[in-house]
Amino acid sequence: MNLPITGSTALWLAVVFGFVFGFLLHRGGVTTYDVIVNQFRLRDFTVLKIMFTAIVIGGIGVAVLNGIGHANLHIKPANMLGVTLGAAIFGVGMVTLGYCPGTGLAAVATGSLHALVGLFGMLAGGILYALSFSWVSEKILTVGALGKVRLPDVTGVPAWAWLGILVVVAAVVFAVVEAVERRRTRLA
């Protein structure tokens with residue numbers, strides 16, 4: 001059973017949730033160029049904390065909603081070369097601009113002009129990808145294509161165990177980051 005929210009109601013809810021998401025990104029500090037760049041310089045772990053929190057909460061939420069029948073999983077094909085190249089392009093863009101698409105759009109809403117330039121770059125990249133998609137799907141997405149699989153399918157480890165592993169890894173990363181930040185504060 002899916003939630004009975006469709007049509008214009010669903011569209012308005014998406015807009016509201018988008019504004020809330022942007023507001024929370026801003027309040028979390030990740031619409032600031034220095035916060036993003038300093039994550040890559042291993043000096044500010046705000047982005048890591050926010051992303052791990054979102055991944056864990058989202059993973060638990062999806063598992064619960066799927067388990068009670070309020071959501072259906074729609075597995076995308078695992079195209080390993082495409083994911084690897086896309087991640088590399090995304091990473092280079094994020095390091096160069098200092099924003100990911102979500103934080104960049106939220107930064108535009110705060111009046112950041114360099115984020116606005118990045119938004120035009122993202123739009124140009126999206127258009128180039130759309131125009132080259134037939135070539136990409138033939139030459140790139142076929143390399144390392146595993147089909148519609150998930151980690152439980154590939155490893156035989158149940159989905160609940162993968163979610164547990166994710167929670168444990170997040171807890172360990174949070175503990176290590178907190179220790180590093182406490183040590184850095186003491187030394188400063």
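The largest pocket of this predicted model holds about 780 Å³ of space. A pocket here is an open set of points on a 1 Å grid over the protein atoms alone, where a 1.4 Å probe fits, with protein on both sides within 12 Å along at least five of seven lines. Its volume is the space filled by probe spheres set on the points, which are joined across faces, edges and corners. Lining residues have an atom within 4 Å of a point, and the largest pocket has 25 of them, with G86, I89, F90, G125 and G126 nearest its centre.

Three helices, α4 (80-97), α6 (113-131) and α7 (133-139), each give at least two residues to this lining. The most come from α4, which supplies nine. Helices are DSSP runs of H or I with at least four residues, and strands are runs of E with at least two, numbered from the N terminus. By class, the lining of the largest pocket has 16 nonpolar, nine polar and no charged residues. Nonpolar covers Ala, Val, Leu, Ile, Met, Phe, Trp, Tyr, Cys and Pro; charged covers Asp, Glu, Lys and Arg; the others, Gly among them, are polar.

The second largest pocket contains about 570 Å³ of space. It is lined by 18 residues, and G59, R150, P152, A159 and W162 are the closest to its centre. Two or more lining residues come from each of α3 (46-67), α8 (151-155) and α9 (159-187). The lining of the second largest pocket divides into 14 nonpolar, two polar and two charged residues.

Helix α3 also packs against α2 (residues 33-40), at an angle of about 90 degrees and with the axes 8 Å apart. Axes are lines fitted to C-alpha atoms, for helices over the stretch in contact, and angles between N-to-C directions run from 0 to 180 degrees. The two helices, α2 and α3, are therefore roughly perpendicular, a term for angles of 65 to 115 degrees. In contact (heavy atoms within 4.5 Å) are V35, I36 and Q39 of α2 with T46, V47 and L48 of α3. Four of these residues are nonpolar, two polar and none charged.

The chain as a whole has nine helices and zero strands. Its C-alpha trace spans about 50 × 40 × 40 Å along the principal axes. The mean pLDDT, the predictor's confidence in each residue from 0 to 100, is 91 for the chain, and 98% of the residues score at least 70. Confidence is lowest in α2, with a mean of 89, and highest in α7, at 96.

Residues are numbered from 1 along each chain as its sequence is written, and side-chain values use heavy atoms, without hydrogens and water. Local features need pLDDT of at least 70 and side-chain atom pairs count only at pLDDT 80 or more, while totals for chains, interfaces and linings use all residues.

Note on methods. Angles under 35 degrees count as roughly parallel, over 145 as roughly antiparallel, 65 to 115 as roughly perpendicular and the rest as oblique.
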